[in-house]
Amino acid sequence: MTTPLSTAAQVVEALRNAADPSEEAKIRNRVAEKEPVIGVRMGTLFDIAKSAVDLPRTELDALFEHPAYETRMSAFCVLDFRARRNLTDDERAALARIYLDRHDAITTWDMVDRAAPRVLGWPILIEVIDDVVLDELAGAADPLRRRSAITAPLWFIKKGSPADVERGLEIASSLDGDDHPRVRSAVEIYRKHALQRLRSQSGA
């Protein structure tokens, strides 16, 4: 059984102990030129984050504030693993607020994709977070916030009603013609799965 990690320093140490130069080269292809990279295989990073799922808030904040890609990715993985638990509505709302408050720590599309559906989409779906946040994110200057706006509603496709799916399509329409490829690709992904879901329910 993996030993639980209770501090940000332990998480960073575990990531550094798992460093692999071949992984560093792969990760370097999707991060900013000067963004620090440790070089950790994604499956290993997920295992480390799962071991740190009960980090105190101050220690989680330290991961969000760390310069290296993997440490911040691990923090968003922690949020996602927490969202998979049987939580109260207030706990789900709190996770969503952390995601939104720490969005500036997101520097790559995969951080969004890992956390946004469960951490943000789920509490919006159950109405403990107002869905106006999707419109706010869709109108943001930061393309990664716009990606969050259309990636969070993927949870609507999984667990919501046809009306919820249509709400996501409204966000997709608001992002039509976006000038960033990572936003356009997320819109295409949402539309593809949304239309499949709606067709399956209509019997078409």
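Asp-178 sits in the loop that links helix 11 (162-174) to helix 12 (181-202); helices here are DSSP runs of H or I with at least four residues, numbered from the N terminus. This is a predicted model, where local features need pLDDT of at least 70 and side-chain atom pairs count only at pLDDT 80 or more, while totals for chains, interfaces and linings use all residues. Residues are numbered from 1 along each chain as its sequence is written, and side-chain values use heavy atoms, with hydrogens and water left out.

Though it is a loop residue, Asp-178 is buried, with a relative accessible area of 10% (buried means under 20%, with a 1.4 Å probe and protein chains only). Leaving aside residues up to four places away in sequence, Asp-178 touches Arg-146, Val-183 and Arg-184, contact being heavy atoms within 4.5 Å.

Now for helix 4 (residues 57-64), where Leu-60, Asp-61, Leu-63 and Phe-64 are buried. Looking down the axis of helix 4, its buried residues fall within an arc of 155°, so they line one face of the helix; the arc is taken from the directions from the helix axis to the C-beta atoms. The cover over these residues includes helix 1 (8-17), helix 5 (69-83) and helix 6 (89-101).

Helix 5 also meets helix 3 (residues 42-51): Met-42, Leu-45, Phe-46, Ala-49 and Lys-50 in helix 3 contact Tyr-69, Glu-70, Met-73, Ser-74, Cys-77, Val-78 and Phe-81 in helix 5. By class, that contact has nine nonpolar, one polar and two charged residues (Ala, Val, Leu, Ile, Met, Phe, Trp, Tyr, Cys and Pro count as nonpolar, Asp, Glu, Lys and Arg as charged, and the others, Gly among them, as polar).

Definitions and conventions
Buried means under 20% relative accessible area, exposed over 50%, partly exposed in between (1.4 Å probe, protein chains only). Helices (H or I, at least four residues) and strands (E, at least two) are DSSP runs, numbered from the N terminus.
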